[in-house]
Structures are given as structure tokens and as C-alpha cells.
Amino acid sequence: QVHLVESGGGLVQAGGSLRLSCAASGRTFSSYAMGWFRQGPGKEREIVAAISSTGKFAYYADSVKGRFTISRDNAKNAIYLQMNSLKPEDTAVYFCAKGSSIYVGTENRSYDAWGQGTQVTVSS
């Protein structure tokens, strides 16, 4: 069973940057795609970015393309989300998620383990 722990959230002004980290337990981390999701106030959880098991392929939601970068370090069992040019509409709880296969999925059902989330607040 994989245990995921996010860190790096906080309060930042619009235009600023944050880097989220997700530490994963388990020896098979490198066998699965990973993703970042977010849930804003009064909104459904949505995918932000995802990365394949090897890190060669990445997916980004249109709303974050060009601003966010997902990466992974399989040697450290970790994934990251570099968030630049943050906007107030990026305010949300951000969740790390483990995919159920090596391939990137864009829906919640493609992921079978979730972290507790980290709050990101962007002030205007």
C-alpha cells in the first residue's frame, strides 16, 4: 500500500511561485504514473498535471499550461509541482495521487491512492 504525503503549500501573492512536493512510500513507486489534482472552494476536484512512470510524458490542464511543471525523481520516490505566475484562481487544496498503471490518466478513477492535500492560497 502506497502512502502519499504532500508539502510545500502556503500563502503567496499573485505572480509568485510555489513548489509542491509529494513523498511516496512503497517499493513500486516507479511502476506507476502520478498526478496532481486540486479542489477549489465550492468546486469539484480536477486534474492539474500528471506524469508517466518514467517521467517521459506529462499532461497539463489547459488552465496551468506554461505556468506549472510536473516532475518526478524515482530514486527518491517523489514527485514535484513547480507553480509559477500563480493566480488567485489557483487557490485550492492540492492533492498528490498514484495512478493505477504506468500510463497517464486524466480522471479521478485512474488513480487509486491519494494524499491528504496541501493548501495553496494566492492573494490578489
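Modeller: Strand β7 runs antiparallel to strand β8 (residues 78–83), and six bridges join them. Strands are DSSP runs of E, at least two residues, numbered from the N terminus. Two strands pair if DSSP finds at least two bridges between them.

Colleague: Which residue stands opposite Gln82 in β8?

Modeller: Thr69 does.

Colleague: What's the strand order in the open sheet of four strands?

Modeller: The order is β1-β3-β8-β7, with antiparallel pairing. β1 (4–7) and β7 (68–73) stand at the edges with a single partner strand each, so one side of each has no neighbour in the sheet.

Colleague: Before we go on, what kind of model is it?

Modeller: It is predicted: local features need pLDDT of at least 70, side-chain atom pairs count only at pLDDT 80 or more, and totals for chains, interfaces and linings use all residues. Residues are numbered from 1 along each chain as its sequence is written, and side-chain values use heavy atoms, leaving out hydrogens and water.

Colleague: New topic. Is Lys98 buried or exposed?

Modeller: Lys98 is buried, at a relative accessible area of 8%. Buried means under 20%, exposed over 50%, partly exposed in between (1.4 Å probe, protein chains only).

Colleague: And which side chain does the Lys98 side chain join in a polar contact?

Modeller: That of Asp112, at 2.9 Å. A polar contact is a pair of N or O atoms within 3.5 Å; within protein, one must be able to donate a hydrogen and the other to accept it, and residues adjacent in sequence count only if both atoms are side-chain atoms.

Colleague: Where does Lys98 lie?

Modeller: In strand β9 (residues 92–99).

Colleague: Is Phe37 buried or exposed?

Modeller: Phe37 is buried, at 0% relative accessibility.
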